[in-house]
Each structure stands twice: as C-alpha cells, then as structure tokens.
Amino acid sequence: MTLRPLHWTLGLALAVAGCAPPTSGDDGALRPAAFIVGGPETGQRAPIFTLPGATREGALAAPWDLSLQRGRVTVIAFYPGDFTSGCTAEWQTFAQRGEELFGGDVAVVGISADTVASHVAFAQQLGLPYTLLSDPDLRVARLYGSAGDQGRARRTVYVLDRDGKVTYRDLHFGALDPKSYDALQQAVAALR
C-alpha cells in the first residue's frame, strides 16, 4: 500500500469523526492537523495530581493536592493564561458570581501554564478568592484532555463530587457565554 491511499483513507476516517485530516510535511511524513480530546469521562474518578500554586496572599507553602479535597465538591477550571482578555473575564465572573455559582463550601482551582508569580499578581489584581495552580509542562492538563497548542491549556471545566468522581465536564467552556456559567452552577448545585 502506498502512502497516498493510506493518507486519503486516514483523512476520510478523521473527516467522518469530525477531525481535520493529517497533512504531509516536505519530507512526505504525515503530521497530525488536530488532536484528540481525552480526559476523564463523567462517572470516572478524576486523576490525582499535585501542583504548586498561589492565592492573592502569595505562593502556597506546599503543593496543592487533589487527594486532600476528598469530602468536598471541587471545581477544576483549566484556562489559557493570566491577564488575557478571555481568562480575565472568566475569573472576574467566577469572583463576582462566586457565592451564586459555587457557594462557600466548594473548592475552586484554576490551572494554567503560568508561573506561580504570575498567578499571585493575577489573583491580586482581580481580588480572586481562589487558588491558581501552575502546570508549566501541561502534564495535568494532558491528563484532563485540556492541553492546547502553543504551550497553553484549553478552557475546560470539571466538577468533582465528594468522592473525586467527575459529575460534569465542559470541554469548551465559554468565558463570555452566560449559558456556560448557568450549566456550571446547575452542576455544582446538584451536588449540594
């Protein structure tokens, strides 16, 4: 079988699946044009991780550990980067509507590839009452199907129940879409 029919067959299969077909480089090698989104499905236990982080008060003394959140509803929000317009809008909305969205007993964490120092400045500027975690190599973002291109996380949101199982996920959270926030609020409220 030659490379062209394989390329055409693979391209057709990806098109049917809703993905872009691979492209050929100058050397004739196939290069993927899209990535497949993974991450834990609803009903699955969320992958455990630890990451360094910060609040508006400064860097955390110890890495934030998801396993220590057992017994609490947890919201994990991956986002592309501190101080970008979409992320600023998202986190301002989380802060302004926090009681309505999450209540006082929900652990809310944000994860991006930004540094802990950047997270401190971002949280201080917005007055965020949440913890922001640093995932510079997108290791955790990959576990959650949230790694994007160009070294940034994609905007995704997960809600975990008190046992650490995923009860809700939005792999295309809309920072400027009120429906995204309404769906998140309903998902959290269902666990209270």
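**Figure 1. T74 and L160 face each other across a strand pair.** T74 stands opposite L160, a residue of β10. The model shown here and in the views below is predicted. Strands β7 and β10 pair in the antiparallel sense. Five bridges join β7 and β10. T74 is also one of the residues in contact with Q69, once sequence neighbours within four places are left aside. L160 belongs to a core of 21 residues.

**Figure 2. Seven strands make an open, mixed sheet.** The strand order is β5-β4-β9-β8-β7-β10-β11. The pairing in this sheet is mixed. β5 (58-59) and β11 stand at the edges. Each of these two has a single partner strand, so one side of each is left without a neighbour in the sheet. In general, strands of a sheet pair through backbone hydrogen bonds, in either the parallel or the antiparallel sense.

**Figure 3. Strand β9 pairs with β4 and with β8.** β4 (residues 53-55) and β9 pair in the antiparallel sense over two bridges. G53 has L133 of β9 as its bridge partner. β8 (residues 107-112) and β9 pair in the parallel sense, here over four bridges. L133 is also the bridge partner of I111. From β8 the chain runs through helix α4 (residues 116-126) to β9. This β-α-β crossover is right-handed.

**Figure 4. The side chains of β9 point two ways.** Strand β9 spans residues 131-134. T131 and L133 point one way from the strand. L132 and S134 point the other way. All four are buried.

**Figure 5. Q69 sits in a loop and is buried.** The loop lies between β6 (64-65) and β7 (74-78). Q69 has a relative accessible area of 11% and so counts as buried, the cut-off being under 20%. Beyond its neighbours within four places in sequence, Q69 is in contact with W64, T74 and A107.

**Figure 6. R155 and E90 form a buried salt bridge.** The side chains of R155 and E90 meet in a salt bridge of 2.6 Å, N to O. R155 lies in the loop between α5 and β10 and E90 in helix α2 (residues 85-96), so the pair ties together parts that are 65 residues apart in sequence. Both R155 and E90 are buried. The relative accessible area of R155 is 17%. Apart from neighbours within four places in sequence, R155 has contacts that include F78, Y79, P80, G86 and C87. D170, L171, H172, F173 and A175 are also among the residues in contact with R155.

**Figure 7. E41 and R169 link distant parts of the chain.** Their side chains meet in a salt bridge of 3.3 Å, N to O. E41 is in the loop between β2 (30-31) and β3 (50-51). R169 is in strand β11 (residues 166-170). E41 is partly exposed at 42% relative accessibility. R169 is also partly exposed, with a relative accessible area of 21%.

**Figure 8. R56 and E57 form a salt bridge.** The closest N and O atoms of E57 and R56 are 3.4 Å apart. E57 counts as exposed, at 64% relative accessibility. R56 is partly exposed, at 36% relative accessible area. The structure holds five salt bridges. In general, side chains of opposite charge can pair when their charged atoms come close.

**Figure 9. The largest nonpolar core holds 27 residues.** V75, W91, F94, F102, V159 and L184 touch the most other members. β7, α2, α4, β10 and α6 (178-189) each supply at least two residues of this core. α6 gives the most, with four residues. Leaving aside neighbours within four places in sequence, L184 is in contact with V75, F94, F102, V157, V159, Y168 and F173. Another core lies apart from the largest one. This other core has 21 residues, among them I76, V109, L160 and V166. In soluble globular proteins, nonpolar side chains tend to be buried together.

Terms used. Residues numbered from 1 in each chain as written. Predicted model: local features only at pLDDT ≥ 70, side-chain atom pairs only at ≥ 80, totals over all residues. Heavy atoms only, no water. Buried < 20%, exposed > 50% of the residue type's maximum accessible area, 1.4 Å probe, protein only. Contact = heavy atoms within 4.5 Å. Pairing = 2+ DSSP bridges. Right-handed = clockwise from strand over helix to strand, strands pointing away. Salt bridge = Lys/Arg side-chain N within 4 Å of Asp/Glu carboxyl O. Core = buried A, V, L, I, M, F, W, Y, C linked by side-chain atoms within 4.5 Å.
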